[in-house]
Amino acid sequence: MVMPTPSSVSAEDIRLEGAHGAGLGASRHSGKQPGILFAHGFGQTRGAWTATAETLNAAGHATLSYDARGHGDSDWNASDLPYHGDQFTDDLIVVAGELPRPPVLVAASMGGLFGLMAEARWPGLFAAMVLVDITPRWETRGVERILAFMSAHPDGFASLQVAADTISAYMPHRPRKSEDSLRALLRPGKDGRWNWHWDPRLVDELARDSEQHQGVIAEAARQVQCPLLLVSGGRSDLVSPQTVEEFMALVPHAQHVHLPHATHMVAGDDNNAFTAAVLNYLDALPSAASARTEHVTGARP
């Protein structure tokens, strides 16, 4: 297919209200085609979707991406309020439920897991779903590698240059991060050091023991009836041929696209191929799925 030229119209930065009053940083593009809601992975921000959102917007789609609580420009939980998965699922239900009609959810890793939980809880919340390199059962070693990296620098980085060196060593296949791109991922502290944008409590409170929830997530996936596409990376260490096979058995109506050169960071590794896969999927969706307008979530009284 011929890829549309990315939109030159800058996204509008807005503030959303999630569940229980949580403030969520967000960006949106207006458009007449069915709306796309983006949910990022653990430790990411809404900026992970910028290139894809601009291309989809150029094709006419309205887009909305937001920072999950504890990430980016969104609120962190109060010190006496532990993080747990239901909060993130509730946020997704509220955000989707406030849109004029059910969106297509494009969700990576953590965002995809909460997307499955949200759709199972409120059938019809999404017109369709695109899961990006995540299945209800994942490979333990991949999660351990990610959490080890995220936990390795509790005192932050002495400079943006040091941070860029560290990230390049972790992802040697990716171009070196510029200082401008790092400013979206790191926050300057009063001591002059640069710290990750996410709440460090998330590692132990949300991610460390997440495998115990795999059975519940698998049951949620089994209940999903909306159209669904799984996009997996051929070099991913979280999603394997075995976990893909298990997922397709759970959701037999799902489609699967395999991008052989991508790691778990699919959209960042091979954005053109990923975005083309999403556009092809959107173009092939039944018109009934993209035209639904009824409110189905009950997220707001």
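Predicted model: local features only at pLDDT ≥ 70, side-chain atom pairs only at ≥ 80, totals over all residues.

Me: Is Asp67 buried or exposed?
Reply: Asp67 sits in the loop between S4 and helix H2 (85-97). Its relative accessibility is 1%. The cut-off for buried is under 20%, so Asp67 counts as buried.

Me: Which residue has the backbone nitrogen that the side chain of Asp67 reaches?
Reply: Not counting residues up to four places away in sequence, Asp67 touches Leu24, Gly25, His40, Thr45, Arg46, Gly72, Asp73 and Ser74. From one of these residues comes a backbone nitrogen that the Asp67 side chain reaches at 2.8 Å. That nitrogen belongs to Asp73.

Me: Is Glu12 buried, partly exposed or exposed?
Reply: Glu12 is found in strand S1. Its relative accessible area is 42%. Buried needs under 20% and exposed needs over 50%, so Glu12 is partly exposed.

Me: How far apart in space are Glu12 and Ser27, C-alpha to C-alpha?
Reply: In sequence, Glu12 and Ser27 are 15 residues apart. Leaving aside neighbours within four places in sequence, Glu12 is in contact with Ala26, Ser27 and Arg28. From C-alpha to C-alpha, the distance between Glu12 and Ser27 is 5.3 Å.

Me: How far apart in space are Gly18 and Ser30, C-alpha to C-alpha?
Reply: Gly18 has its place in the loop between S1 and S2, and at 1% relative accessibility Gly18 counts as buried. Gly18 and Ser30 are 12 residues apart in sequence. Their C-alpha atoms are separated by 21 Å.

Me: How many residues are in the largest nonpolar core?
Reply: In soluble globular proteins, nonpolar side chains tend to be buried together. In this model, the residues with the most contacts inside the largest nonpolar core are Leu37, Phe42, Phe126, Met129, Leu186 and Leu228. Leu37 touches residues including Leu64, Tyr66, Leu92, Val106 and Phe126, not counting residues up to four places away in sequence. The number of residues in this core is 64.

Me: What is the volume of the largest cavity?
Reply: Rolling a probe the size of a water molecule over the atoms shows where empty space is left. A search of the whole structure finds 1 cavity of 30 Å³ or more. The space in the largest cavity is about 110 Å³.

Me: Which helices each supply at least two residues of the lining of the largest cavity?
Reply: Residues that line the largest cavity include Phe88, Asp91, Leu92, Met110, Gly111 and Phe114. The lining divides into 7 nonpolar, 2 polar and 2 charged residues. The helices that each supply at least two of its residues are H2 and helix H3 (110-121).

Me: Which strand gives the most to the lining of the second largest pocket?
Reply: The second largest pocket has a volume of about 360 Å³. Of the 20 residues that line it, the closest to its centre are Gly35, Ala62, Leu64, Leu99 and Pro100. Strand S1 (12-17), strand S2 (23-29), strand S3 (33-39) and strand S4 (61-66) each supply at least two residues of the lining. The strand that gives the most, with 4 residues, is S3.

Conventions: Residues numbered from 1 in each chain as written. Heavy atoms only, no water. 1 Å grid on protein atoms, 1.4 Å probe; cavity = no way out; pocket = protein on both sides within 12 Å on 5 of 7 lines; lining within 4 Å. Points joined across faces, edges and corners; volume = space filled by probe spheres on them. Buried < 20%, exposed > 50% of the residue type's maximum accessible area, 1.4 Å probe, protein only. Polar contact = N/O pair within 3.5 Å; in protein donor to acceptor, adjacent residues only side chain to side chain. Contact = heavy atoms within 4.5 Å. Core = buried A, V, L, I, M, F, W, Y, C linked by side-chain atoms within 4.5 Å. Nonpolar A, V, L, I, M, F, W, Y, C, P; charged D, E, K, R; others polar.
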